[in-house]
Amino acid sequence: MAITFIKLEKFTTESKYFTFDFSGETEIAGGDTIASFLSLVAYPPTGLTLGIPALSGTSKVLVKISDGVGDVLYTLYCTVQTTGGSILTLEGDLFISKPKV
């Protein structure tokens with residue numbers, strides 16, 4: 001299982017779409033494609049609302065993320081299976097900022 005790191009950021013009041021792009025993974029770059037989405041997990045698991053992930057093309061997963069606790073750093077793990085049977089995971093840090101007043 002390969003883990004690639006990405007960095008994300010949003011405000012507590014925003015709902016934002018984020019893309020987990022697997023195209024840089026060796027298997028996908030070699031011609032394999034995403035067959036199915038397996039999981040999206042957030043740590044810590046409280047306060048963040050994760051929408052239903054959707055496959056975008058043959059190498060990306062798109063998910064709407066909203067809410068979250070201000071000044072908290074969440075770690076997200078998005079896991080997929082390829083048509084060739086490989087299990088791939090992207091790890092992303094999502095920082096939730098408090099809106100400026």
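A nonpolar core is a set of buried Ala, Val, Leu, Ile, Met, Phe, Trp, Tyr and Cys residues joined through side-chain atoms within 4.5 Å. Buried means under 20% relative accessible area, exposed means over 50%, and partly exposed lies in between (1.4 Å probe, protein chains only). This is a predicted model: local features need pLDDT of at least 70, side-chain atom pairs count only at pLDDT 80 or more, and totals for chains, interfaces and linings use all residues. Residues are numbered from 1 along each chain as its sequence is written, and side-chain values use heavy atoms, with hydrogens and water left out.

**The core**

- The largest nonpolar core has 20 residues. Phe20, Phe22, Leu48, Val61, Ile65, Leu76 and Leu94 touch the most other members.
- Strands E2 (15-21), E3 (34-43), E6 (60-67), E7 (72-82) and E8 (87-97) each give two or more residues to this core. Helices (H or I, at least four residues) and strands (E, at least two) are DSSP runs, numbered from the N terminus.
- What does isoleucine 65 contact, leaving aside its neighbours within four places in sequence? Its partners include Phe18, Leu48, Leu50, Leu76 and Leu94. Lys10 and Glu14 are also among them. Contact means heavy atoms within 4.5 Å.

- In E8, 8 of the 11 residues are buried, so the strand is largely enclosed by the rest of the structure.
- E7 and E8 pair in the antiparallel sense over 10 bridges. Two strands pair if DSSP finds at least two bridges between them.
- Tyrosine 77 has glutamate 91 in E8 as its bridge partner.
- The two strands E7 and E8 form a hairpin with 4 residues between them. Glycine 85, in the turn, has a positive phi of about 95°.

- Aspartate 93 lies in E8. It is buried, at 17% relative accessibility. Its side chain makes a polar contact of 3.1 Å with that of threonine 75.
- A polar contact is a pair of N or O atoms within 3.5 Å; within protein, one must be able to donate a hydrogen and the other to accept it, and residues adjacent in sequence count only if both atoms are side-chain atoms.
- Serine 97 is also in E8. Its relative accessible area is 10%, so serine 97 is buried. A polar contact of 3.1 Å joins its side chain to that of glutamate 9.

**Salt bridge**

- How many salt bridges are there? The count is 1. A salt bridge is a side-chain nitrogen of Lys or Arg within 4 Å of a carboxyl oxygen of Asp or Glu.
- The side chains of aspartate 71 and lysine 98 form it, at 3.6 Å from N to O. Aspartate 71 is in the loop between E6 and E7 and lysine 98 in the segment after E8, so the pair ties together parts 27 residues apart in sequence.

**Aromatic pair**

- The structure holds 1 aromatic pair. The ring centres of tyrosine 43 and tyrosine 77 are 5.9 Å apart and their planes are at 70°, so the pair is edge-to-face.
- Rings of Phe, Tyr and Trp (its six-membered ring) pair if their centres lie within 6.5 Å; planes under 30 degrees apart count as stacked, over 60 as edge-to-face and the rest as tilted.

- Most residues other than glycine have a negative phi, and most peptide bonds are trans.
- Aspartate 67, in strand E6, has a positive phi of about 65°.
- A cis peptide bond joins tyrosine 43 and proline 44, with omega about -5°.
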